[in-house]
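I opened my notebook to record how two chains meet. The entries follow in the order in which I looked things up.

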There are 2 protein chains.
Amino acid sequence: MANDGEIAVSNKQVILKDYVSGFPKETDMQVTTGTIKLKVPEGSTGVLVKNLYLSCDPYLIILMKKAQTSRYFISLTPGSSITGLGVAKVLDSGHSEFKKGDLVWGTTGWEEYSLIKTPDSLFKIHHTDVPLSYYTGILGMPGLTAYAGFYEICTPKKGEYVFISAASGAVGQLVGQFAKLMGCYVVGSAGTKEKVDLLKNKFGFDEAFNYKEEHDLDAALKRYFPEGIDIYFENVGGKMLDAVLLNMRLHGRIAVCGMISQYNLDQPEGVTNLLNIVYKCVRIEGFRVFDYYPKYSKFLDFILPHIREGEIKYVEDIAEGLESGPAALVGLFRGQNVGKQVVVVAKE
Amino acid sequence: MANDGEIAVSNKQVILKDYVSGFPKETDMQVTTGTIKLKVPEGSTGVLVKNLYLSCDPYLIILMKKAQTSRYFISLTPGSSITGLGVAKVLDSGHSEFKKGDLVWGTTGWEEYSLIKTPDSLFKIHHTDVPLSYYTGILGMPGLTAYAGFYEICTPKKGEYVFISAASGAVGQLVGQFAKLMGCYVVGSAGTKEKVDLLKNKFGFDEAFNYKEEHDLDAALKRYFPEGIDIYFENVGGKMLDAVLLNMRLHGRIAVCGMISQYNLDQPEGVTNLLNIVYKCVRIEGFRVFDYYPKYSKFLDFILPHIREGEIKYVEDIAEGLESGPAALVGLFRGQNVGKQVVVVAKE
């Protein structure tokens, strides 16, 4: 007999044990099993979903630390399951916009089933001729991040010199391909030979280098950008930013998507070359993708044909099973993932 | 008998002795006397001017150092007179747009008389009901800098929280008054009690503080900006920028006009709080006033009525005589000037 939702079922969860301090460890999280009824409570406008794919994103680590900037971030709650972005299937709905069987992406829990009490920020998935997992990446938040960050913040022009750090990651790989579509010269940095090969051979970057093999980042950038850099898509911060500043061109732009090298340091690295902002009229701009959610459907119209025609490549790193979540998330900060890091909870 | 220009006259000059290294000293410059004919050479399209007021600006020190970023700056030449902005009177002209007796402002030499070979960047002075020296400041490059930096780069809105460093200087005093005109809350920092009093009592800032008396700049900013800072007009860099970053609000803007605390350091201070760019979507933007020269006449239309009505105050620090130039310029970097530093070469 099918479960009609009145009987509680077991629900595996990834719990945040305590606030993370310093570098995140797998033991900051714990896989436990609770129970859940597969039905939205009476009178609730929430939805009850079965989670399929979970997204490992660097920003999660900010929420796993005790908030220092509480006005802007609401930290996760120790003892509760981690909350992040994912793809899910609606099993029951108290909300007029969602019905049983709908596929959605948006904020959900790191668990098998989630009751999403305020589903207003969920997006319904209408296109299923592409892998569902793509909605954690190229068709989801990281895709929109790359799109908004590159086209809106970087204000690119044909022929400009573009540098991308952490370039094989979920966002970087897309920014590089957008820049190539626009006719820019594109160089990426990454942390392994395998990733550098991906950048050059799969994603079509003009050049790529392994930053771990460069003891002088300034010299490396001068080698690849003898004319300087017009656009830097910043994912790492610290020493790389300092070297980039030395190589920016007049009226250069730096879109600050993230600074993954800095989140886990007790004391962030000092950046010493900011005078170049004055000398070269550089614009450095942080942004958050949430401000661009109203452009999501325009973004889909842009990106879907490119995916279907094979003009934009996309690489995922799939970890199987909720149990693999903590290692996959921690691995992001060691650069262990090759491409977008996804955790599969269930295939359907 | 009047000098018809054929007879060379003596010409006092301030010469750059050698490239400045580290903090500038008066002895980096030398006052000498050459000779000059008060006539434009046959066939030249230059103008021969008598210099009246010279402008002491922080950017000059960048040009007095050996260029490290030669693509963007052309250093001054040791052994030649210093070149900067000033107000002058045309004595002879080979250029169709200028005639004897015209008053002009623009790039000229630190000397009594200058032959300006390419006068294309000179502006003719049409309004002489205001002091001529104002064209080195509120009606010249610093005025346009404040105007472009505040209205174009800071994109201010009524009621926003505005902080200005080096706030009693040529640019800062104007930015603060523009921000008050717009209905912002405005706080400035300066380095003496006298300047702090000026900010509060003459320029109408809501609050002001002496940064030298604050051992914890972050705490000082939190005191004056419990809700955080929307707009920071950056004139100093280093520790102040680092403290400001901690206090920026979501979507805050930092217009980088200069970083006077950093130009003379062998190793600029490391700025460690750049993660706030990510957390709060901050935009930091350098700019150069030259890009806004086409808006100069629009700026004059805006500022002149405010000056005539007394709605905008302006304070100058006048040094008498070309001989006082080196001390006045070096004094900028010690904060010795109160208001815009001008050197009078001749009154007419």
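I count two strands as paired if DSSP finds at least two bridges between them. Helices (H or I, at least four residues) and strands (E, at least two) are DSSP runs, numbered from the N terminus. At A:Ile284, I noted that the bridge partner in S13(B) is B:Ile284.

I noted the ground rules: this is a predicted model, where local features need pLDDT of at least 70, side-chain atom pairs count only at pLDDT 80 or more, and totals for chains, interfaces and linings use all residues. Residues are numbered from 1 along each chain as its sequence is written, chains are lettered from A and ligands numbered from 1 in the order in which they are written, and side-chain values use heavy atoms, with hydrogens and water left out.

Next I traced the sheet. Twelve strands form an open sheet with mixed pairing, in the order S10(A)-S9(A)-S8(A)-S11(A)-S12(A)-S13(A)-S13(B)-S12(B)-S11(B)-S8(B)-S9(B)-S10(B). Strand S10 (207-210) of chain A and strand S10 (207-210) of chain B stand at the edges with a single partner strand each, so one side of each has no neighbour in the sheet.

A:Tyr232 stands opposite A:Ile254 in S12(A). Helix H2 (residues 141-153) of chain A packs on the sheet and touches S11, S12 and S13 of chain A, contact meaning heavy atoms within 4.5 Å.

Then I turned to the interface. Chain B gives 41 residues to the contact and chain A gives 41 residues. The two chains bury about 3200 Å² between them, 68% of it on carbon and sulfur atoms; buried area is the accessible area (1.4 Å probe) that two parts lose on being put together, summed over both. I found zero salt bridges between chain B and chain A, a salt bridge being a side-chain nitrogen of Lys or Arg within 4 Å of a carboxyl oxygen of Asp or Glu.

Technical notes: Axes fitted to C-alpha atoms, helices over the stretch in contact; angles between N-to-C directions.
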